[in-house]
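I opened the notebook to record what I looked up in this structure. The entries follow in the order in which I made them.

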Amino acid sequence: MKPPGGAGIMTPMQTPPFPHESTTLTLAGPVGPLEVAVDLPDGDTASRPVIAVICHPLSIEGGSMHNKVVTQAARALRDLGITTVRFNFRSVGASAGTYDNGIGETDDLHAVFNWVRSQCPHSTLWLAGFSFGAYVSLRAAGALRPQALISIAPPMGRRTWDFSQVQPPLNWLVIQGDADEVVDAQAVYQWLEALERPPQLVRMPDTSHFFHRKLIDLRGVIQHEVRRWLPDSSS
């Protein structure tokens with residue numbers, strides 16, 4: 001017999017409210033818990049009504065929400081007054097599940113993005129991703145409809161990932177290193193040139209896939225390029 005009052009009975013994970021301070025929390029995902037980090041702008045930075053969800057690189061190659069490119073991109077956005085949300089895809093850190101070649105990871109992104117949207121209905125939502133995270137965020141952009149999208153080193157030509165049906169928003173920034181040893185930079189440029197509506201493209205010379213010795217430059221590029229998309233901090 002179970003004790004009265006439901007003691008000992010498993011209950012669904014509660015949906016956490018969006019925090020008012022920087023913290024790490026657990027969110028119910030499609031196959032179990034998802035580990036999520038919410039970071040607010042520093043106290044001396046005027047906060048804007050924008051929240052950016054950022055996706056990390058390939059899980060099976062060590063990618064996580066703590067990747068240096070991901071954290072540097074998040075820092076760049078917070079310096080502009082944007083709240084950032086990083087999370088670990090399934091199988092990474094405290095997130096449950098197994099790697100799913102971008103399909104299940106897209107579902108993970110939907111869960112996180114829709115949680116932010118439901119908790120913060122008056123905020124503008126942006127999306128960003130690095131490498132595999134750029135693929136997942138592009139794959140989801142048509143359905144999620146972020147106001148802006150930042151794609152860092154999108155992995156054209158890697159594995160079987162299909163970029164043919166992506167639907168990015170009008171505000172779309174692509175940052176690509178010319179000396180990328182993981183992604184074929186020329187394939188990225190050719191793909192973008194063939195699009196009917198190409199993005200803002202920043203090519204970074206002498207820059208590797210993981211932006212070694214170029215992370216501060218990456219931070220500056222992001223801040224310079226997205227500033228025009230920002231609503232007023234008093235909105």
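Before starting, I noted how angles are taken: axes are lines fitted to C-alpha atoms, for helices over the stretch in contact, and angles run from 0 to 180 degrees between N-to-C directions. I also noted that this is a predicted model.

Entry on helices across the sheet. I looked up H3 and found that it lies across strand S3 (50–55), S5, S6 and strand S7 (171–177). H3 runs at about 150 degrees to S5. I then turned to helix H4 (residues 185–194), which lies across S7 and S8 and runs at about 155 degrees to S7.

Entry on the sheet. In what order do the strands of the open sheet stand? I read the order of the eight strands as S1-S2-S4-S3-S5-S6-S7-S8, with mixed pairing. Strand S1 (23–29) and strand S8 (200–204) are at the edges; each has a single partner strand, so one side of each has no neighbour in the sheet. Neighbouring strands here are turned by 20 degrees against each other on average, direction ignored. Phe130 has Ile152 in S6 as its bridge partner.

Entry on the cores. I found that the largest nonpolar core has 41 residues, and that Val36, Val53, Val85 and Leu109 have the most contacts inside it. Helix H3 (residues 132–144) gives the most to this core, namely seven residues. A second, separate core has 30 residues, including Ala76, Trp126, Phe130 and Ala153.

Entry on H1. How many of the 11 residues of helix H1 (residues 68–78) are buried? I counted eight, so I wrote the helix down as mostly covered, with buried meaning under 20% relative accessible area. Among the buried ones are Val69, Gln72, Ala76 and Arg78. Their cover includes strand S2 (32–39), S3, strand S4 (83–87), S5, S6 and helix H5 (215–226). At the start of H1, I found a side-chain oxygen of Asn67 within 2.8 Å of the backbone nitrogen of Val69.

Entry on Arg228. I found Arg228 in the segment after H5. Is Arg228 buried or exposed? Arg228 counts as exposed because its relative accessibility is 56%, and the cut-off for exposed is over 50%. Arg228 and Asn171 are 57 residues apart in sequence, and their C-alpha atoms are 9.7 Å apart in space.

Note on methods: Residues are numbered from 1 along each chain as its sequence is written. This is a predicted model: local features need pLDDT of at least 70, side-chain atom pairs count only at pLDDT 80 or more; totals for chains, interfaces and linings use all residues. Side-chain values use heavy atoms; hydrogens and water are left out. A nonpolar core is a set of buried Ala, Val, Leu, Ile, Met, Phe, Trp, Tyr and Cys residues joined through side-chain atoms within 4.5 Å. Buried means under 20% relative accessible area, exposed over 50%, partly exposed in between (1.4 Å probe, protein chains only). Helices (H or I, at least four residues) and strands (E, at least two) are DSSP runs, numbered from the N terminus. Two strands pair if DSSP finds at least two bridges between them. Contact means heavy atoms within 4.5 Å. A polar contact is a pair of N or O atoms within 3.5 Å; within protein, one must be able to donate a hydrogen and the other to accept it, and residues adjacent in sequence count only if both atoms are side-chain atoms.
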